[in-house]
Amino acid sequence: MIKKLFILFKIGRKLAKSDALNILSKFHKPQTLVKVFFQILSVSFSKKNETDFNVSEEERLSNSLQSMGTTFIKLGQFLATRPDIIGEGLSSQLETLQDKLPPFSLSEAKTIIKKDLGEETFNSLLNLSEPVAAASIAQVHKAQINDNGTIKDVAIKILRPNIKKKFNEEIDSLMLLAFIVESLVKKSKRLKLIEVVFLLKEITNLEMDLRFDAAAANEYSENTKNDVGFHVPQIYWNFTSENVLTLDWIEGVSIRETEILQSKNIDTDKVASDLIQHFLRHAVRDGFFHADMHQGNIFVNNIGQIVPIDFRIMGRLDKLSKRFLAEILFGFIQRDYKKVAEVHLAAGLVPNNVPVDDLAQALRSIGEPIFGQSVKNISGGKLLKQLFDVTDKFNMQTQPQLLMLQKTMVVVEGVARKLNPNTNIWETSRPVLENWLKETKDPINSINDTLKSSSEIIKRLPEFPEVMDKANQALTYMASGQIPQNSNSYFALNEKKSEMIAFRNQTFIGLLLLVIFVLLVF
Ligand SMILES: Nc1ncnc2c1ncn2[C@@H]1O[C@H](COP(=O)(O)OP(=O)(O)O)[C@@H](O)[C@H]1O
Ligand SMILES: [Mg+2]
């Protein structure tokens, strides 16, 4: 506990030195007690005249979180996805938070590789470069390996040294801080701060095992090996461990660079519609999709293939969700609202007593205005969002996986529109959905029945069942934004809470606060 307090002290110092609280207090009118707290802290702000007011608030917030290191960057990124907790205004400010930190040195990188992969494997690496990209959790180097006699260019992603330990220490202290705030400010209970911090801890800990990325890449590659124009880089397992991930180096251009792509005679309009089609196909056909499809994670290689990287966040859809998704999107494209309503009922996603015509009418109210809009404004992702909002009113529980899909769809469409603003989402999506629906014979009713009696068996690497299980669990947390009851994490969370309550009961809380107050200010 003393150690936690010490780390809390260090966090307090970081906070006090940074600009974050200043900006945060603008968004949340603090309680009196918290106000006093902020004012004490702001004494230490005013001592520093570093604040550059030419820089936007958004940037200052990002910069200060960034300066506080990995834990706070992750916290900021996580809160950006949770407007329900911190409000739309603040969460959209956090969306631009960059995941960048100065790189660690090449010699540290070498030490990690040597320790994880062994001396011999390390010695077989050729031309290990200085870091080419550095983010909060890991950084990437370029190198060459001898793969059964062929020299191959590879990218080597390496976790930051001691990141796991440091992150867990800081996050445990933050949890203690959340607990203190919840104990003191009764109203803050509704924010579920402890749960939020705990959730972040669970998710980030999984991100910090690169075998999880590797296993995901493997499965993704297997699923898509016959998809023309799409290529998942190969993973080199002999050069992969918890802290090190080795995969093919991509000779190509980021999908961000529309002009460079065009100068290489790549048809960017086609890349735009292909990207949407591949993504949809992976979702409805394989039920396994890349859920972090921003521009930084997609390349177009020298032979014009779309190449994704960064397989940390992948989404899964079970058989029923896949079918459901294809049917509803296709139903909307055909403007057959009754069909869409029937699918909802058949899948058991809406209570039986909801009249199908009422639901159909509500769906029409979403669908029809879309058809009046110009092609440029039509978005499948936005449509799904509206759909979930409406079905929520009919007491339909939106599945976390579908939410994740919807969010990614908005991103994918955004990337495509940057390549070609006139991409027609409906025309592009239709053939993929139509073909898939034609090919699969299961009507939605029977899938539902089989799903009730037996759960889906997912393809996974036999060597890593545990990693993948945990990964899937984390993805569910991430998409739903909560820790499901009856899970191991839920019990762990409760244990943590009782630990902290015991701690509070043992300690003279006033003394504790005094210490923290004093420490925060200096
Ligand atoms: N296989 C690769 N080939 C070429 N560049 C890569 C490769 N993998 C990563 N990079 C470079 O490193 C950057 C960060 O890699 P990424 O896996 O996206 O990590 P992060 O988790 O930091 O986003 C990428 O944006 C890209 O510039
Ligand atoms: Mg990335």
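A salt bridge is a side-chain nitrogen of Lys or Arg within 4 Å of a carboxyl oxygen of Asp or Glu. A search of the whole structure finds 21 of these salt bridges.

The model is predicted: local features need pLDDT of at least 70, side-chain atom pairs count only at pLDDT 80 or more, and totals for chains, interfaces and linings use all residues. Residues are numbered from 1 along each chain as its sequence is written, chains are lettered from A and ligands numbered from 1 in the order in which they are written, and side-chain values use heavy atoms, with hydrogens and water left out.

**Exercise 1.** Find the salt bridge between Arg285 and Asp227, and work out which parts of the chain the pair ties together.

*Solution.* Start with the distance: the two side chains meet at 2.9 Å, N to O. (Helices are DSSP runs of H or I, at least four residues, and strands are runs of E, at least two, numbered from the N terminus.) Finally, check accessibility, where buried means under 20% relative accessible area, exposed over 50%, and partly exposed in between (1.4 Å probe, protein chains only). Asp227 is buried at 9%, while Arg285 is partly exposed at 28%.

**Exercise 2.** Find the residues that coordinate the magnesium ion (ligand 2).

*Solution.* Look for donors, meaning N, O and S atoms within 2.8 Å of the metal (3.2 Å for Na, K and Ca); water is not among the atoms, so sites may look incomplete. Asn297 (OD1) and Asp310 (OD) coordinate the ion at 2.2 Å. Now check accessibility: Asn297 counts as buried at 4%, and Asp310 counts as buried at 15%.
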